[in-house]
Amino acid sequence: MGEITEGGSMDANRREPVHIPVLAEEVIKAIGAECERDCEGWFVDATLGAAGHSTLLLEAFPKMRLLGTDQDPEILALARERLAPFGDRVHTESTRLSDLGRLIRKLRIDKPVAMLMDLGVSSLQLDRPERGFSFQYDGPLDMRMDPTRERTAAEIVNNWDERDLADLFFYEGGETRARGIATAIVEARHRSPFRRTGAFADLVARAVGRPAGGGKVHPATKVFAALRRAVNEETEELRAGLEVAENWLADGGVLAAIAFHHAEDGEVKRFLKEGSKGGRWDVRTKKPIKPQHAEERANRRARSALMRIGVRKRGAGE
Ligand SMILES: C[S@@+](CC[C@H](N)C(=O)[O-])C[C@H]1O[C@@H](n2cnc3c(N)ncnc32)[C@H](O)[C@@H]1O
């Protein structure tokens, strides 16, 4: 979900964290504008999350079927409950973007008419301290969306050398005080390795000389985002997801990709631009689509959202 904001919102009746889908109207409009025969065919939601977008799309397009995938089995279980009313219009599986092509091949479904990637982390993951994504709660320093991954955030923090940590925080997180933070981490971990988000966030706050709670943005925000990206190999996964869209979407199929920081949006932009030059994609968004002010006010997460739309050129896959 990007480095700028953290935290979902609470369902007022159930006091449970909820995830509000971003740019929902814009996603429906963009997909609806491209597909023929009322979007009859398969739609792939490759970052299903709590199925917010998928639910809206299944309601908007009654002939559409959904292949919903997510690398986080805990979130997927929740999505399955929410999608139960749609019965056999829906198929869900736990997979990473980098394995999605294999799954589509295995399922032998018709080529999808649309695909959505709503990147990053769900509020439901952020709001669960035991998943270790958040500096707002104390939990294990984990951050794996796919729990079968071997490397946790603690492993990176406790084992990477100082220069690699500094590069990670600077290049992936945009943290300008990366070197000082990396030095402080290496000094502190000799005494006692980091295991908890709370102690780690405190150390980062001390290293930047700005205690938590002072400003609007927690001083560890960028470091946490950079670590999450490394743990989940988010850049590599995004590239793999874009390749899946190119290889598997039907002629005229539409890709909607929502990024939450500029580097990620840049990946999508470059991919579509190259694809357009190569005659494989029609790009529908010269500039990324951003949320209206009302949405930004209602949902903090939405503030950094940037959506790009591409349409698979007819005949280009032959
Ligand atoms: C921002 S949430 C999606 C929210 C969803 N669109 C909704 O409206 O409820 C992102 C989801 O994508 C999943 N995800 C992120 N990277 C992924 C990847 N490489 N492969 C599969 N799932 C991924 C996360 O586990 C998370 O549940």
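In this predicted model, the largest cavity is the space that the ligand takes up. A search across the whole structure returns two cavities of 30 Å³ or more. The largest cavity holds about 390 Å³ of space. Its lining is made up of 29 residues, and those closest to the centre of the cavity are Thr47, Asp70, Asp118, Leu119 and Gly120.

Several elements of secondary structure contribute to this lining. Helix H2 (52-60), strand E6 (114-118) and helix H11 (234-248) each provide at least two of the lining residues. The greatest contribution comes from H11, which gives three residues. Sorted by class, the lining of the largest cavity comprises ten nonpolar, eleven polar and eight charged residues.

The surroundings of the ligand were examined next. The ligand is surrounded by 26 residues, of which the closest are His53, Asp70, Asp118, Gln125 and Glu237. This shell consists of ten nonpolar, ten polar and six charged residues.

In the side chain of Asp118, an N or O atom is found 2.8 Å from a nitrogen atom of the ligand. A nitrogen atom of the ligand also lies 3.1 Å from a backbone N or O atom of Gln71. At Ala50, a polar backbone atom is 3.1 Å from an oxygen atom of the ligand. On its own, the ligand has 600 Å² of accessible area, and the protein covers 98% of this area.

Backbone geometry was considered at two loop positions. Asp38 has a phi near 55°, a positive value in a residue other than glycine. This residue, Asp38, is located in the loop that joins helix H1 (24-34) and strand E3 (41-45). A positive phi, near 70°, is likewise found at Met143, which is also a residue other than glycine. Met143 is placed in the loop between helix H5 (123-126) and helix H6 (153-159).

Methods. Residues are numbered from 1 along each chain as its sequence is written. This is a predicted model: local features need pLDDT of at least 70, side-chain atom pairs count only at pLDDT 80 or more; totals for chains, interfaces and linings use all residues. Side-chain values use heavy atoms; hydrogens and water are left out. A residue is near a molecule or strand if one of its heavy atoms lies within 4 Å of it. A polar contact is a pair of N or O atoms within 3.5 Å; within protein, one must be able to donate a hydrogen and the other to accept it, and residues adjacent in sequence count only if both atoms are side-chain atoms. Accessible areas come from the Shrake-Rupley method with a 1.4 Å probe; for residues, only the protein chains shown count as cover. On a 1 Å grid over the protein atoms alone, a cavity is a set of points where a 1.4 Å probe fits but cannot get out, and a pocket is an open set with protein on both sides within 12 Å along at least five of seven lines; lining residues have an atom within 4 Å of a point. A molecule sits in a cavity or pocket if more than half of its atoms lie within 2 Å of its grid points. Ala, Val, Leu, Ile, Met, Phe, Trp, Tyr, Cys and Pro count as nonpolar, Asp, Glu, Lys and Arg as charged, and the others, Gly among them, as polar. Grid points are joined across faces, edges and corners, and a volume is the space filled by probe spheres set on the points. Helices (H or I, at least four residues) and strands (E, at least two) are DSSP runs, numbered from the N terminus.
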